[in-house]
Amino acid sequence: MLSIIKKRECILLFTAFFLVFSSHAHESCKIAVIGTGYVGLVTGAGLAELGHNVCCVDIDKKKIDQLQQGIIPIYEIGLDELVHKNVNKGTLRFSTDIEKVIREIDIIFIAVGTPSMPDGRADLTAVKAVIEAIKENSHTSKIVCVKSTVPIGTCRQLAQMIDCDNHNIVIISNPEFLREGFAVQDFFNPSRIVVGTEFTEQAEIMRTIYAPFLDKNIPFLCTDLVSAEAIKYASNAFLAVKVTYINEIAQLCSAVGANINAVATGMGLDDRIGNKFLSPGPGFGGYCFPKDATALVRTAEEAGVALRVVTSCIEANKHHKHYIVQKTAELCGDGLCGKTVAVWGLAFKANTDDVRESAAIDIINEFLKMGATVKAYDPMAQENMKQIIPNILYCDTKEQVLDCSDVLVILTEWQEFKEFDYDRLVDYINRVAVIDTRDVVPAVAAKRNVNSIYKLGC
Ligand code: UDX
């Protein structure tokens, strides 16, 4: 242990000296990224673009075969180009041989999935399997950087599990804040880099890895392990609360005759509130917010703390989806039994094919329970939704969905829905009734059809 500390101090002194005379070291590091999901693949390709030599690893042979053939298994704007560019440059490669990669590379990012278990806690099986592999195959000192979203306190447990001091391994928490659909853009324009480690030498190596961002004055926040993990969960839960708050204010605006867009604009002009994340919708969804908000509440419960605001936010989000269904039934006049509901948008937000925890799932299931027939269209997410809700009619175009329908419900803010000529709805739909949960229908068209178009919050 003493020798490790001495070695660390020597390197630290050298590093500190070097930093005084240069801005941030632009050294190329050899990095392994384990897990090639949307976080791992974007991080791996992004780090390669920053000038590092990256090997992305996954146990899914099919996925790695595809990547080696130049096929990108997920849709993410700009990812295709980024991967191809760096593969061609020779700075990015793919492998399934986790043991070999661990033996060869000393900086390892873990970006494997941490799905929710039925009780809401995160399933750490994949993270722990990687940690075991690192323990078994490490013969040199390693930095293990945890990008996977893990419950607060996990990195400490992983450090114990791996017996860090004896194995000369340092565990670092380095949470990601990438939005789906904008993950590449977010990687290169981060709001902050958060690094959780108590070891100065390893913190400096992280600074070297992210040097191009530091040069752009992007904040680099170095905290202890647990705080870094907490930042990730507290941020996501806060954003979920913000969205849920604006959704409830939108309900109120509808009830009292105010306009949510005016209200959100007025609120957002206050710097303390900010104008982002104030767009009402059918309820938040996606892989992160629902999972992370629930996991945060569980962690807090285990620590003896009741997170009442986040708990209410999860409840209010459920209720908001129900509100959308009730509004639809109301607009149809005499309920939904025997009616045909057209749904535009299945993805949990635009620019992704992801339907995980999408509000569309609960909303469509409630329509079906009420005896409605559902026809749906989404430019990208149909195939994924078919796996979750197979018993509705999927159409090839947005116009086809409208045919013989009684009501149109817009759930995702795709650009093509904004460009539709809503005055032509009468040509398609039985009786014009639209529930616009995403502010997609232009205000003038909504005004012309004020009795049949309901815009959430207006
Ligand atoms: C989120 C976080 O933003 C990101 O930092 C984290 O790393 C992962 O989780 P993402 O899941 O891609 O990213 O979705 P995001 O764009 O944040 O939206 C989450 C949900 O909130 C979506 O359902 C979206 O439609 C909804 N939303 C967001 C609104 O309804 N209104 C808003 O104003 C913003």
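Predicted model: local features only at pLDDT ≥ 70, side-chain atom pairs only at ≥ 80, totals over all residues.
The domain assignment of the chain divides it into domain 1, covering residues 2–223, and domain 2, covering residues 235–455. Taken over C-alpha atoms, the centres of domain 1 and domain 2 are separated by 35 Å. Contact between them involves 18 residues of domain 1 and 17 residues of domain 2.

Between them, domain 1 and domain 2 bury about 1400 Å², and 53% of this area is on carbon and sulfur atoms. On the side of domain 1, Tyr75, Ile152 and Glu180 supply 37% of the area buried against domain 2, which is more than any other three residues supply.

## Polar links across the interface

Between domain 1 and domain 2 the count is one salt bridge, and four residue pairs are in polar contact, with both residues of each pair at pLDDT 80 or more. Glu180, one of the three residues that supply 37% of the area buried by domain 1, has its side chain in a salt bridge with the side chain of Arg356, at 3.6 Å from N to O.

## Nonpolar cores

The largest nonpolar core has 62 residues, and those with the most contacts inside it are Trp344, Leu346, Phe367 and Tyr422. Helix α16, which spans residues 359–369, gives the most to this core, contributing six residues. Apart from this core lies another, of 42 residues, which includes Leu67, Phe109, Val195 and Tyr210.

For Phe367, when residues up to four places away in sequence are not counted, the residues touched are Val325, Thr328, Leu336, Val341, Val343, Ala372, Val374 and Val409.

Most residues other than glycine have a negative phi. Against that background, Phe277 has a phi near 60°, a positive value in a residue other than glycine, and Glu357 likewise has a positive phi, near 55°.

Phe277 is found in the loop between α13 (260–268) and α14 (289–302), while Glu357 lies in the loop between β9 (340–344) and α16.

Conventions
Residues numbered from 1 in each chain as written. Heavy atoms only, no water. Core = buried A, V, L, I, M, F, W, Y, C linked by side-chain atoms within 4.5 Å. Buried < 20%, exposed > 50% of the residue type's maximum accessible area, 1.4 Å probe, protein only. Helix = DSSP H or I, 4+ residues; strand = E, 2+ residues; numbered from the N terminus. Contact = heavy atoms within 4.5 Å. Domains from an automatic or database assignment. Buried area = accessible area lost by both parts, 1.4 Å probe. Salt bridge = Lys/Arg side-chain N within 4 Å of Asp/Glu carboxyl O. Polar contact = N/O pair within 3.5 Å; in protein donor to acceptor, adjacent residues only side chain to side chain.
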